[in-house]
Amino acid sequence: LYQELILEHYKRPRNHQVLEHATTQQEGVNPSCGDELELYLVIEDDVIADIAFIGEGCAISQAATSMMTEAVKGRTVSEAKTRAQEFRAMIHGDPPAEALGDLKVLAGIAKLPARVKCATLAWVTLEQALDQYLV
């Protein structure tokens, strides 16, 4: 079931497009695997009103990015930053936070050190975009 959800997000990524009206955008690259993404956010009144990405990479990076966009769309900047911290903690072996929902299917990546950067690329890129927005 978990593999099916990851494959579903890889084959049919959610929010996979360019947002021409983005208020902030950020490039993310994982040179060790070749994963690349461009993240677009529309932030209105401190809420992520819309989020999208384009890019290429392995199934884990693309699925994790798709799932991340669904997890933070409609959330405040603060909530999104909290989810990013919770996700990164989970990927590094901590028990998953309940608030992560479907993202918990990626918890097993903690046992695959070579894939941790693939799974966290979107979240690191999101944090950089949010930090850029907050400046």
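**Notebook: a pocket and a helix**

I began with the largest pocket and asked which element gives the most to its lining. It is H1, with four residues. I noted that the model I am reading is a predicted one.

The lining holds 12 residues in total. Among them, Gln3, Ile6, Ile60, Leu106 and Ile109 lie nearest the centre of the pocket.

I then sorted the lining by residue type. I found 10 nonpolar residues, two polar and no charged. For the volume of the largest pocket, I wrote down about 180 Å³.

I turned to helix H3. H3 runs over residues 77-91, which makes 15 residues. I checked its reach from first C-alpha to last and got 21 Å. That is close to the 21 Å expected at 1.5 Å a residue.

Which residues of H3 are buried? I listed Val77, Ala80, Arg83, Ala84, Phe87, Met90 and Ile91. Buried here means under 20% relative accessible area. I looked down the axis of H3: its buried residues fall within an arc of 145°, so they line one face of the helix.

What do the buried residues of H3 pack against? I found two strands, E2 (35-44) and E3 (47-56). I also found two helices, H2 (59-72) and H4 (116-134).

Last, I stepped just past the end of H3. There Gly93 takes a positive phi of about 110°.

Notes:
Residues are numbered from 1 along each chain as its sequence is written. This is a predicted model: local features need pLDDT of at least 70, side-chain atom pairs count only at pLDDT 80 or more; totals for chains, interfaces and linings use all residues. Side-chain values use heavy atoms; hydrogens and water are left out. The expected span of a helix is 1.5 Å times one less than its number of residues. Buried means under 20% relative accessible area, exposed over 50%, partly exposed in between (1.4 Å probe, protein chains only). The arc is that of the directions from the helix axis to the C-beta atoms. Contact means heavy atoms within 4.5 Å. On a 1 Å grid over the protein atoms alone, a cavity is a set of points where a 1.4 Å probe fits but cannot get out, and a pocket is an open set with protein on both sides within 12 Å along at least five of seven lines; lining residues have an atom within 4 Å of a point. Grid points are joined across faces, edges and corners, and a volume is the space filled by probe spheres set on the points. Ala, Val, Leu, Ile, Met, Phe, Trp, Tyr, Cys and Pro count as nonpolar, Asp, Glu, Lys and Arg as charged, and the others, Gly among them, as polar.
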